[in-house]
Amino acid sequence: MEVRSENNIQVRCNKIPSQVIPRTRLQVWFFRVCSSILLWTCLVQLVAVGELWHPRLLTGLTNRISWITRSPLRLQHTLHSPPPLVPPSSAFPKVLLRNTLEPPYLGFGNYKSNGFLKVSCNGGLNQMRAAICDMVTIARLLNLTLVVPELDKTSFWADPSDFEDIFDVRHFIDSLRDEVRIVKRLPKRFSRKYGFHAFWMPPVSWSNEKYYLEQILPLFSKYKVVHFNKTDTRLANNGIGLDLQKLRCRVNFQGLKFTPQIETLGYKLVRILQEKGPFMALHLRYEMDMLAFSGCTHGCTVEEAEELKRLRYAYPWWREKDIVSEERRQHGICPLTPEEAALILQALGFDKETQIYIASGEIYGSERRLAPLRAAFPRIVKKETLLDPVELQQFQNHSSQMAALDFMVSIASNTFIPTYDGNMAKVVEGHRRYLGFKKSILPDRKKLVELLDLHQNGTLPWNDFALAVRKAHEKRMGQPFGRRVIPDKPKEEDYFYANPQECLCERTNCKDLLGPGDSSTL
């Protein structure tokens, strides 16, 4: 004990041992460390819950964290992205170009999820791309939580790629956060491990809002989770609300972004081509799967025709088996052959110096069938000839990832020409319209087959043939026009994703896209 004198008053106080102070400080620091660990653990758990449910309280926080963690990638995209390839707006003064188009904000308000929607996409890359846009739109219409779509792994291509192997999942979820809730997986309580089984079904093709509201929405009250096992063309082209049509565009043009690996290599391809001058992307759909599916064997040997027939019979989901090739060709249903494509390009005025990028997989018949096209246009290139094999190695046996590279090049090309109006041709056509109606020559195959046969049998001289080809395609260069509507025949009318007119024009009714005397309904 220590005695001290203060103002003539003696004060007694106990002297604190010197070893007590460090021990007390150690306890304080230990408490602080434990508290920090506990707080960070709670924060991580809250963010994880926000990732799953996306409550409004955590939206800003998760967005901020996502932005911070992804900023280096955004810088990388900026460095690798080529300048936009959009024609002058003066060419189409009444049309909104990509940089001025903003889809509407459809805030959640008091959003209450009615259940979970799982989807298994079927088909190739671009068929699945359009389907994903439709599924997001359906989820928004029905106030559903969408689980990140599953991609087709069982079709002809047997591509094992998952969604995150092709598309940027985080961007997909974040960019559509204000439209629809999207989660990477179902909550554990809805897993088979806990005895839960979702209701599986294919929605009816080309269905409108009424079908989904009256027949599909009640299923979620009963089953909580519904799994669509078919997704191709399950939403009508027309008769859909304007906000939902614009949401389809927002998903397609802004929400679906390829992975950094695909984008980096795609931009490299575009840069290599642009350094050599203007270039054309020729979607030469003369591949084994297309020929077997369509039954088109014009120009093939007898052995090749038999091989394609065997392949067609081997795949049960290709319903048509007995096909007369020449009848299909005369009706314009077959893809153009490489030999026919060479004649058409020459007739359209393209010369030997034209740089042509072949946007397709392996051509059936390989270099033997490409020889006439290469003789007419020596500057033909493919991704396999422009890139080092090591760069493409990671994409081998992943046809959808390879198709993503072709998609990027086709979008950026000065001219795009498809030899068949399949899903890639249609989706690329629509994307190029969105970028300012970039030149896309859409062959009238039925007319072309007639002209080709007349020319090749000596009836139609070259000059007359070339003139007739150019005249037949004067209004098939990707110019603005109204989407053709055929009531009760959705397969025959214009595809929404080939001409998303609701997202391209200034006025709600889009009549600015129609020229004098045009009609959008047949």
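Which residue lies over the face of Y495? K426 does, at 5.5 Å from the ring centre. A charge counts as sitting over a ring if NZ of Lys or CZ of Arg is within 6 Å of the ring centre and within 35 degrees of the ring normal. R248 makes a contact of this kind too: its charged end sits over the ring of F496, 4.3 Å from the centre.

This is a predicted model, in which local features need pLDDT of at least 70 and side-chain atom pairs count only at pLDDT 80 or more, while totals for chains, interfaces and linings use all residues. Residues are numbered from 1 along each chain as its sequence is written, and side-chain values use heavy atoms, with hydrogens and water left out.

Now to the sheets. Strands of a sheet pair through backbone hydrogen bonds, either parallel or antiparallel. Here, two strands pair if DSSP finds at least two bridges between them. Helices (H or I, at least four residues) and strands (E, at least two) are DSSP runs, numbered from the N terminus.

Strand β3 (residues 116–119) and strand β4 (residues 145–147) run parallel and are joined by two bridges. The bridge partner of L117 in β4 is L146. Contact means heavy atoms within 4.5 Å.

Another open sheet is built from four strands, ordered β10-β9-β8-β11, and its pairing is parallel. The edge strands are β10 (380–381) and β11 (415–418), each pairing on one side only. Helix α8 (residues 260–275) packs on the sheet and touches β8, β9 (355–358) and β10. The direction of α8 makes about 160° with that of β9.

Look closely at β8 (residues 279–283). Four bridges join β8 to β11, and β8 also pairs with β9 in the parallel sense over four bridges. A281 has a bridge partner on each of these strands: F416 in β11 and Y357 in β9. H283 stands opposite P418 in β11. Five of the five residues of β8 are buried. Buried means under 20% relative accessible area, exposed over 50%, and partly exposed in between (1.4 Å probe, protein chains only). Both faces of β8 are covered, with F279, A281 and H283 on one side and M280 and L282 on the other.

Next, the charged pairs. The structure holds 23 salt bridges. Each is a side-chain nitrogen of Lys or Arg within 4 Å of a carboxyl oxygen of Asp or Glu. D174 meets R170 in one of them, at 3.0 Å, N to O. Because D174 and R170 are four residues apart in helix α5 (residues 169–175), about one helical turn separates them. D174 also forms a salt bridge with R177, the closest N and O atoms being 2.4 Å apart. D174 and R170 are both buried, and R177 is buried as well.

D421 and R445 form a salt bridge with the closest N and O atoms 3.1 Å apart. This pair links distant parts of the chain: D421 is in the loop between β11 and α17 (423–434), and R445, 24 residues apart from it, is in helix α18 (residues 445–456). D421 is partly exposed because its relative accessibility is 39%. R445, at 9%, is buried. A network of salt bridges links E326, R329, E340 and D453.

Finally, the aromatic rings. A pair of aromatic rings is described by the distance of the centres and the angle of the planes. Rings of Phe, Tyr and Trp (its six-membered ring) pair if their centres lie within 6.5 Å; planes under 30 degrees apart count as stacked, over 60 as edge-to-face and the rest as tilted. The count comes to twelve aromatic pairs. F190 and F196 form an edge-to-face pair, 5.0 Å centre to centre with 65° between the planes. Both F190 and F196 are buried. F258 and F407 have ring centres 5.9 Å apart and planes at 85°, so this pair is edge-to-face. F258 lies in the loop between α7 (242–255) and α8, and F407 in helix α16 (residues 399–412), so the pair ties together parts 149 residues apart in sequence. F258 and F407 are both buried.

Conventions. Axes are lines fitted to C-alpha atoms, for helices over the stretch in contact, and angles run from 0 to 180 degrees between N-to-C directions.
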